[in-house]
Amino acid sequence: METTSVTCPSCFESFEVALPPTSECPCEVDYDCEVCCRPMVISFSDGYADARSLDD
């Protein structure tokens, strides 16, 4: 399983998330930070992940 690093937009801590299969990208998933537990949306595209707050 491939993973990529994501930085939480709330607490700015980094953690690893699993990349979805390339056949399912681009996509967005709701995710809770593994450090502070705040919700975010992670966008996956071409092996890259970008996290944004639900307030954005």
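1. E16 is found in strand 2. The model is a predicted one. E16 is partly exposed, with a relative accessible area of 44%. Setting aside neighbours within four places in sequence, E16 is in contact with T3, T4, S5 and E34. L54 is 38 residues away from E16 along the chain, and the two C-alpha atoms are separated by 19 Å.

2. On the fold: the protein chain has five strands and zero helices. Read from the N terminus, the order of elements is β-β-β-β-β. The radius of gyration is 11 Å, close to the 10 Å given by the globule rule for 56 residues, so the protein chain is as compact as a globular protein of that length. Along the principal axes, the C-alpha atoms fill a box of roughly 30 × 20 × 15 Å.

3. On burial and surface: 29% of the 56 residues count as buried. The accessible surface of the protein chain comes to about 3,800 Å². Carbon and sulfur atoms hold 46% of that surface. Of the contacts with a separation of 6 or more, 28% are between residues 24 or more positions apart.

4. Which residues make up the largest nonpolar core? There are twelve: V6, C8, F15, V17, L19, C27, C33, M40, I42, F44, A49 and A51. At least two residues of this core come from each of strand 2 (14-18), strand 4 (39-45) and strand 5 (48-53). Strand 4 gives the most, with three residues.

5. M40 deserves a separate look. M40 is one of the residues of the largest nonpolar core. Leaving aside neighbours within four places in sequence, M40 is in contact with V6, C8, P9, F15, V29, D30, Y31, D32, C33, A51, R52 and L54. Among these partners, V6, C8, F15, C33 and A51 also belong to the core.

6. How many disulfides does the count give? The count comes to zero. C27 is in no disulfide, and the nearest cysteine sulfur, that of C25, is 4.4 Å away. For C33, the closest cysteine sulfur is in C8, at 3.7 Å. C33 itself is buried, with a relative accessible area of 2%. C8, C27 and C33 are among the residues of the largest nonpolar core.

7. Aromatic rings next. The count comes to one aromatic pair. The rings of F15 and Y31 have their centres 6.0 Å apart and their planes at 15°, so this pair is stacked. The cut-off for stacking is under 30 degrees between planes. F15 lies in strand 2 and Y31 in strand 3 (residues 27-32), so the pair ties together parts that are 16 residues apart in sequence.

8. Are F15 and Y31 buried or partly exposed? F15 is buried, with a relative accessible area of 7%. Y31 is partly exposed, at 26%.

How values were computed: Residues are numbered from 1 along each chain as its sequence is written. This is a predicted model: local features need pLDDT of at least 70, side-chain atom pairs count only at pLDDT 80 or more; totals for chains, interfaces and linings use all residues. Side-chain values use heavy atoms; hydrogens and water are left out. Helices (H or I, at least four residues) and strands (E, at least two) are DSSP runs, numbered from the N terminus. The radius of gyration is taken over C-alpha atoms; the globule rule is 2.2 Å times the number of residues to the power 0.38. Buried means under 20% relative accessible area, exposed over 50%, partly exposed in between (1.4 Å probe, protein chains only). Contact means heavy atoms within 4.5 Å. Accessible areas come from the Shrake-Rupley method with a 1.4 Å probe; for residues, only the protein chains shown count as cover. A nonpolar core is a set of buried Ala, Val, Leu, Ile, Met, Phe, Trp, Tyr and Cys residues joined through side-chain atoms within 4.5 Å. A disulfide is a pair of cysteine sulfur atoms within 2.5 Å. Rings of Phe, Tyr and Trp (its six-membered ring) pair if their centres lie within 6.5 Å; planes under 30 degrees apart count as stacked, over 60 as edge-to-face and the rest as tilted.
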